[in-house]
Amino acid sequence: MSNTAKFKLSTLAVLAAALMSSVTAAQAAVTVLGWPGGSEETALRAVVDDYNGQANVADADKVELLFFSRDGFYDKLQADMAAGSDAFDLNLLATYAIGRYAPYMEPVDLGPDAVTTFGDSVLKTMQFDGKQYGVPTDLSLHFMYYRKDLVAALMADDAAKAKYAEISEKYLGKKLEPKDPNDWTWDDWAATALYFSKDVNAESPVRYGTVLQMKNLLFNMMVFQSLPRSYGGDWMDASGAITVDSDAYRTGLEMYKMLYDAGASPRDSLSYEYAETNAAFGSGQTATALQWNAAAGELTDPEKSPAVADNVGIVAPPAGPDGRADHIHGLGLGLNKNAKNKEGAIKFLKWMATESAALDYAKNGGSPALAPAVVAKIAAERPDLVQLGQFADAYGYVMTGGTSAKALSVYELQAKEFTGYWSGQQTLDEALARTKAGMEELLK
Amino acid sequence: MNSIKNLDWKLLNTPLVVFLLLFLGFPVIVNLYYSLSEVSFQTLRAPELTGFGNYLTVLTDPAFWQASWFSLRFGVVTAVAECALGLCLAIFLAPLIEKHSALMAPLMLPLMVAPAMVGLMYRLVLHEFVGPVPYYLYEWFGNSPSFLNAESAFWTLSVVETLQWTPFAFLLFYMAYEAIPDEVRQAAQIDGAGPFQRLFYIDLPLMAPTLIIAAFIRFIDGFRVFDNVYTLTGSGPGGSTTSLPIYIYEAFFKQGAIGKAVAASVVLFLASFSVLFGLNWLSGRRKGATK
């Protein structure tokens, strides 16, 4: 063999070895598939940097992040997991999708720190069939946002109160007086929304009394759900019978339709979701909005929402005959059954369950639901997390059947049928009958 | 000699045949099998053969027919609108573009934008509180209509689609218009034909094959619309803006009803194939008649 040939061969061997070692290193890293965009991605990036910067984290266990787009995220995740993908070790997990993804995941033991950091009720948002499938990162529920200046002016003006009573009698069949939003029932909220709508009250200082998220989208059904729930609504009873065709759901659906038809919500509300709702409320032309807690940062930031930021009040969703109800929905990270680096992945999950990591995540914009003793340590910086914990503790609920494998499909079904009713394409009876039949098929 | 040529022909065709078998034949067989099976994401690798139940489910599902009607209407309305506008633009702008060919570039810009981006863009443009269209309507008329409620969403979506794809029809028609020899028009003019007579008896008949092909391509594109509709209105209130591809997508991913979704796509494939076969047959008859 000539020298040139020897040189070529040895160069090739060195290159091959380098390639192999880089592949091994890449395989050894822990890859996390996170929830893209928004505060969740920002917070996750920050805590991952902190984790990777620790001296006791081996190079082989450093965390790398991977993001899909939000559109169709759960569908893409399901397709990947069903195909046995090992492109990520840890993946996003949501309360209402645990049953759907559990067959492709492995339960994890988060260690004793987890209970101290989050508390039992929050850990349960990541459990399925009694097993812990992930570490909770963010808790989502809904706040009732309202304009403090508008409500204060209404409550201080006798003529306005008389008009309010007149409107509530016309639309709700009873004379109501304006109340502090902390004491609102759904009727009080509806009367306020009607009063502040130009189509109902030409003197209203804003165009609309509320902004309803009515797009045919599963997340909008989560926002709506708390209304029927506070009237005693549920998906199924103890025997497993579907109970969606109930007075509670009828009341909620009719109230939304009445408000939309009366012009209390923007005309394009049937295409509205999270972003549109923020834009409507942030424009200063809307008096109230039932919206995700994640919007609090944007709506109270004078730079992002200059028209309203100084006057935004936040309370829990209004009460019904069964009290208040707030739909909780947890996001977290869980272990892929086909993970290539399970040991490293579990190490990261356990670290995420520690108090310091959870506080780090919260400081960087995440919305973890923390145990009272832990949240107290960050209350000055993140007062919204205190409300988050309080509301979750006092009013949080999950519908019966809400963590089953077909829970997301139930929301999809409701979104289709309920928006069909709100848009006038079918009657309430038809919408509820179809929803009931579909849910019986999905939850049998 | 003939047998050598025959062998060459077979050898030359082999890559194409292998490609078609791999990338079309295999998925078709898998799809057919899935469409006759009970299959979900959990049983993706072990589907259970059940017969024609999925086809029955699809064909008796009112939502399937609602989606088919939406796709058909959308395909026809947008194809007609795009071709009509494209033809007008091609004829009226031809003298101008002949002198300033650079004008063609800005006219083609809408084609450069991904349809999903167009949907997102109009979601912003039409938003009552941040969109420029409602803003100016409020400024000028004190009010703005609903663009995306159940009644108006179809027409809004049609306008959005037409605005994006009219340049495509325009491009084809402009090329066809320019390909007509000037001598023919001049001869007609000498014979006393006026502008409208030249348009209806010279230009349009000579452009007819391009007109038909463009209308057909635009109809197919409109019929299978997904991206911009999905990003702008989703499947719409009560499923009112569900096109057939959206119906299939939702059955597959949202409901996890893989058998039903695949059966619907097989029905769509058969319908499309029938239309193509019919057109081919008509074209064959036309050729035969002109010989």
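This is a predicted model: local features need pLDDT of at least 70, side-chain atom pairs count only at pLDDT 80 or more; totals for chains, interfaces and linings use all residues.

Analyst: Residues are numbered from 1 along each chain as its sequence is written, chains are lettered from A and ligands numbered from 1 in the order in which they are written, and side-chain values use heavy atoms, with hydrogens and water left out.

User: Why are H2(A) and H15(A) called oblique to each other?

Analyst: Helix H2 (residues 38-52) of chain A and helix H15 (residues 355-363) of chain A pack at about 135 degrees, with their axes 8 Å apart. Helices (H or I, at least four residues) and strands (E, at least two) are DSSP runs, numbered from the N terminus. Axes are lines fitted to C-alpha atoms, for helices over the stretch in contact, and angles run from 0 to 180 degrees between N-to-C directions. Angles under 35 degrees count as roughly parallel, over 145 as roughly antiparallel, 65 to 115 as roughly perpendicular and the rest as oblique. The pair H2(A) and H15(A) is therefore oblique.

User: Which residues of H2(A) and H15(A) meet?

Analyst: On H2(A), Glu40(A), Ala43(A), Leu44(A), Val47(A) and Asp50(A) meet Ala357(A), Asp360(A) and Tyr361(A) of H15(A), where contact means heavy atoms within 4.5 Å. Five of the contact residues are nonpolar, none polar and three charged; Ala, Val, Leu, Ile, Met, Phe, Trp, Tyr, Cys and Pro count as nonpolar, Asp, Glu, Lys and Arg as charged, and the others, Gly among them, as polar.

User: What makes H8(A) roughly perpendicular to H9(A)?

Analyst: The axes of helix H8 (residues 158-172) of chain A and H9(A) cross at roughly 110 degrees and come within 9 Å. That angle makes H8(A) roughly perpendicular to H9(A). By class, their contact has nine nonpolar, two polar and three charged residues.

User: Why is the pair of Trp186(A) and Trp189(A) called edge-to-face?

Analyst: Rings of Phe, Tyr and Trp (its six-membered ring) pair if their centres lie within 6.5 Å; planes under 30 degrees apart count as stacked, over 60 as edge-to-face and the rest as tilted. The structure holds 42 aromatic pairs over all chains. The centres of Trp186(A) and Trp189(A) are 5.4 Å apart and their planes stand at 85 degrees, so this pair is edge-to-face. Both residues lie in helix H9 (residues 186-195) of chain A, three residues apart, which is about one helical turn.

User: How do you know that the pair of Phe19(B) and Phe23(B) is tilted?

Analyst: Their rings are 5.0 Å centre to centre, with 35 degrees between the planes, and the pair is tilted. Phe19(B) and Phe23(B) lie four residues apart in helix H1 (residues 2-35) of chain B.

User: Why is Phe19(B) called partly exposed, and what makes Phe23(B) exposed?

Analyst: Buried means under 20% relative accessible area, exposed over 50%, and partly exposed in between (1.4 Å probe, protein chains only). Phe19(B), with 44%, is therefore partly exposed, whereas Phe23(B), at 54%, counts as exposed.

User: Why is Thr192(A) called buried?

Analyst: Thr192(A) has 2% relative accessibility and therefore counts as buried. This residue of helix H9 of chain A touches Tyr164(A) and Trp184(A), not counting residues up to four places away in sequence.
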